[in-house]
Amino acid sequence: MLKARQPFRDFVYRAARSDGSLVYYKIGGKPVFDANGEFRGYRGTGTDVTALRTAEAEARENEQRYRKAELELAHANRVAAMGQLTASIAHEVKQPITAAVTYALAARRFLSAEPPNFREVDDALSLIVKEGNRAGEVVARVRALIKKVPARKDAVAINDAILEVIALTRSKAANNSVSVRTQFAEGLPRVQGDRVQLQQVMLNLIVNAIQSMSGVEDGNRELHISTVSIELEGVCVAVRDTGHGLCPESLPRLFEPFYTTKPDGMGMGLSICRSIIEAHAGRLWATRCEPRGALFQFTIPAD
């Protein structure tokens, strides 16, 4: 620009003071020519923007610290939620292991028969492999949810992600006499987001729903989970329960940090869920149901 004698503005450069500290200047200038058109130099202004640049750098560092703290808190919330499912997870792992042992014993009987029944042995071994893979899948899902990893942006099949969470919470639902029904829309577009974080939201909503129904003595305890495609908002996920429902005065504060309606709750689960959904450019909200129960819904833009 200088060689071409062009004007310039808002150019920031760094220099060192005599004491070695750095200073930033923002300058702008216009070329000056005499009556004969000869270039005589530049005329312009310079502003010390060191304080501004320092403040911007501090703001970036604070933002990074905030994001790191947010990830730590989200991870702690996932671990806490998984802790509530310890018995359920143990049951999910124990079932295929028990089945595999049963098939192994059967295979030994078929081998000791006279003559050995190799066809039945082969079938038993196939079932052992199937149950072993099933146990491995449960462990893999648990590891994925409690592992501390940076947020990712992937194309997520939301129905599949939800089914994995339902599988982990199946025993907890059964122990609380909760029946789980699903109504998933077919041909849903994939959503853009972090699979583990979206599963964390579902985990919180499902566990909260089961807990809300654990004290219901009369009527059915039913958890209904559905997905639907919305043209302008992407995919909408709904979690509805038949628990005691939400008090009108609690609705405005439901997603505030440290606000809880549970005697032993920390009040961070729903707040973290809303932060996750909003970080995915979606929205999360709750409504009361009649005659009882609550409905939580969130939207995620399609990929």
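I count two residues as in contact when they have heavy atoms within 4.5 Å of each other. The model is a predicted one, in which local features need pLDDT of at least 70 and side-chain atom pairs count only at pLDDT 80 or more, while totals for chains, interfaces and linings use all residues. Residues are numbered from 1 along each chain as its sequence is written, and side-chain values use heavy atoms, with hydrogens and water left out.

**Entry 1: the chain as a whole**

I looked up the secondary structure and found 6 helices and 10 strands in the protein chain; helices (H or I, at least four residues) and strands (E, at least two) are DSSP runs, numbered from the N terminus. Of the 303 residues in the protein chain, 36% are buried, where buried means under 20% relative accessible area, exposed means over 50%, and partly exposed lies in between, with a 1.4 Å probe and protein chains only. The accessible surface of the protein chain comes to about 18,300 Å², and 53% of this surface belongs to carbon and sulfur atoms; the areas come from the Shrake-Rupley method with a 1.4 Å probe, and for residues only the protein chains shown count as cover. Among contacts between residues at least 6 apart in sequence, 65% join residues at least 24 apart.

**Entry 2: isoleucine 206 and the cores**

Which residues does isoleucine 206 touch, not counting residues up to four places away in sequence? I noted Val165, Ile166, Thr169, Leu223 and Ile225. I then looked for nonpolar cores, each a set of buried Ala, Val, Leu, Ile, Met, Phe, Trp, Tyr and Cys residues joined through side-chain atoms within 4.5 Å. The largest has 39 residues, and Ile206 is among those with the most contacts inside it, together with Met202, Leu223, Phe296 and Phe298. At least two residues of this core come from each of α4, α5, β7, β8, α6, β9 and β10, and α5 gives the most, with 10 residues. A second, separate core of 5 residues includes Ile89, Val93, Val138 and Val142.

**Entry 3: the open sheet**

I traced an open sheet of 5 strands in the order β5-β7-β8-β10-β9, with mixed pairing; two strands pair if DSSP finds at least two bridges between them. β5 and β9 stand at the edges with a single partner strand each, so one side of each is left without a neighbour in the sheet. From one strand to the next the twist averages 15°; axes are lines fitted to C-alpha atoms, for helices over the stretch in contact, and angles run from 0 to 180 degrees between N-to-C directions. β5 and β7 (residues 222-230) run parallel and are joined by 6 bridges, and phenylalanine 184 has threonine 227 of β7 as its bridge partner. Helix α5 (residues 195-213) packs on the sheet, touching β7, β8 (234-240) and β10, with its direction at about 145° to that of β7. Helix α6 (residues 269-279) also packs on the sheet, touching β9 and β10, with its direction at about 135° to that of β9.

**Entry 4: α5 against α6**

Two packed helices are described by the angle between their axes and the distance between the axes. For α5 and α6 I noted an angle of about 145° and axes 10 Å apart. The residues in contact are Gln197, Leu198, Gln200, Val201, Asn204, Leu205 and Asn208 of α5 and Gly269, Leu270, Ile272, Cys273, Ile276 and Ile277 of α6. Glutamine 200, found in helix α5, counts as buried because its relative accessibility is 0%. The C-alpha atoms of glutamine 200 and glycine 269 are separated by 9.4 Å, although the two residues are 69 residues apart along the chain.

Where do the cis peptide bonds lie? One joins glutamate 114 and proline 115, with omega about 0°, and proline 115 is in the loop between α2 (86-112) and α3 (118-146). Another joins glutamate 290 and proline 291, with omega about 5°, and proline 291 lies in the loop between β9 (283-288) and β10 (294-300).

I also checked positive phi values in residues other than glycine. Aspartate 10 has phi near 55°, sits in strand β1 (residues 8-16), and counts as partly exposed because its relative accessibility is 47%. Serine 177 also has phi near 55°, but this residue lies in the loop between α4 (158-175) and β5 (179-184) and is exposed, with a relative accessible area of 53%.
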